Amino acid sequence: MTKRDTEYQLLLEGSTETKEKIKRPNKSLLLAICAACIGGTFQYGYNISIINAPTKSVQNFINQTWLERYDEDISEQYLTLLWSNIVSIFTIGGFIGASIGGTLAIRFGRKGTLMMNNGFALLAALLMGLSYPTGLFELLIVGRFFTGVNAGIGICVQPLYLGEIAPRALRGAMAMGTSIFITGGILTGQVIGLNELLGKEEHWPILLCTTCIPAFLQLIILPWFPESPRYLLIDRGDDVGCRKAMKQLHGADNFDREWEDMERERVSAIGIKPKKPWQLFMDRSLRWQVLTIILLNAAQQLNGINAIYFYTDYVFKEAGIPDVNIPYVTVGTGACECLTALTCGMLIDSLGRKVLIIGGYTLMAFWCICFTLTLTFQGAGLWMPYLSMGCVFAFILSFGLGPGGVTNILTTELFTQTSRPAAYMIGGSVNWLSFFVIGMVFPFIVTKLQQYCFLVFLVISVLVAVYIFLVVPETKNKTFLEIHTEFQSGDKRKASKADDGPRTTLLSTPL
């Protein structure tokens, strides 16, 4: 048997073990994940959250600046427009960041791109900090744009890095670092935005500048950890660098199985260049994977979680909570979401991805019904507002256990090395575009449908759960090639039935 035949046989051989004993992760692996996340998805959650606290303060600053420039107060409509631009430009920046993140990850590496990405955060902090002393509120718009670019690149590249450095048996739990740090960023922003810390009017420039802190931390910590071993071996052909990275991340004697998986994937990718996003759309072998990440990323924004947060203040007021205490209760919702991300991380490698995401969407559909009823009959009794509060927390819990935690992991697992960066570009762009659309359209939906808007989210949640049940395979404890082959085998079975003739299902096919 020739060497080439041996390599091809290695490719065709699947894992002989159906289950793999889950080991405790190496300390270096955990620290590498924290180093990647603190300047990645933590920034995303943090910058979504901190902009809420200084709303009135920034609007007062804009009005004062306008008065000094033009000797007249700014109109209410124009003030609202400027504030909307400051908030929404973040999503435009995020869309651009997600659109270029995959390309940067291929050219400069996963770790290299994360390091470079901190430049956008530092520039944004500088611009927003200078806005007050210079009297230029336009710097806030530019600064928020760069925070969006930073978040878009981070939420594209950081999950890519996490999915590639984690061992197969712990891939789900380690990749949950993405959701844990997003929710941790949201919670941190809510806490720092309290009046006792940086929530007072005079502190808002400092509050917006704090986005530089995670960037500095990552610049200090991440250089101590290696580049993605898969990137080094498959994209760069650096066997020595890959082995050195594997030893640091997994221990000197614990990476043989991962090395075999990467070697199979390397053999399958010989002669294939990294794909562009438009090439994924044209590749028939990837059509179900591409459709899946588009639907899941759109549904992550369109499933009602933003509507729940929109109604929280109203629900808390109806429950008799004083206005001054509502920010503290809102911190409770952030803590709730963070707790569910941690819980999902502990369950995902035992229950599997499919069970959690279907269960999450199913529970969200149920809570949509309950929340619609409690809002409709809000005045039926003194206890009804408290039921609405319960629905708010239950919905957030369900989101964190399912869609909030699993979506990014599936984007990693449904694609192989040559397709994965482009897949993250597609998924990230869809996610940010959906974020922007729901921000623009949602106020009109609420105005027209009021509490019945949750019936729309009910339909979306049910349809997504049904799609996942019918189309998406369980990916727990499988190699990337095995998952790819399972999708292809499903296509072959459907084609065989359509042609009404027998077909031979291959164990694996070249990518």
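I began with a helix pair: Leu-29, Ala-32, Ile-33, Ala-36 and Cys-37 in H2 meet Gln-158, Tyr-161, Leu-162 and Ile-165 in H7. Contact here is heavy atoms within 4.5 Å, and helices are DSSP runs (H or I, at least four residues) numbered from the N terminus. I sorted these contact residues into eight nonpolar, one polar and no charged. Nonpolar covers Ala, Val, Leu, Ile, Met, Phe, Trp, Tyr, Cys and Pro; charged covers Asp, Glu, Lys and Arg; the others, Gly among them, are polar.

A note on provenance: the model is predicted, local features need pLDDT of at least 70, side-chain atom pairs need pLDDT 80 or more, and totals for chains, interfaces and linings use all residues. Numbering runs from 1 along each chain as its sequence is written, and side-chain values use heavy atoms, without hydrogens and water.

Next I looked up the geometry: H2 (residues 27-38) and H7 (residues 138-165) pack at about 170°, axes 10 Å apart. Axes are lines fitted to C-alpha atoms over the stretch in contact, with angles from 0 to 180 degrees between N-to-C directions. The two helices are therefore roughly antiparallel (over 145 degrees).

Last, I found Glu-413 and Arg-171 joined by a side-chain salt bridge (2.8 Å, N to O). The rule wants a Lys or Arg side-chain nitrogen within 4 Å of an Asp or Glu carboxyl oxygen.

Key
Parallel < 35°, antiparallel > 145°, perpendicular 65-115°, else oblique.
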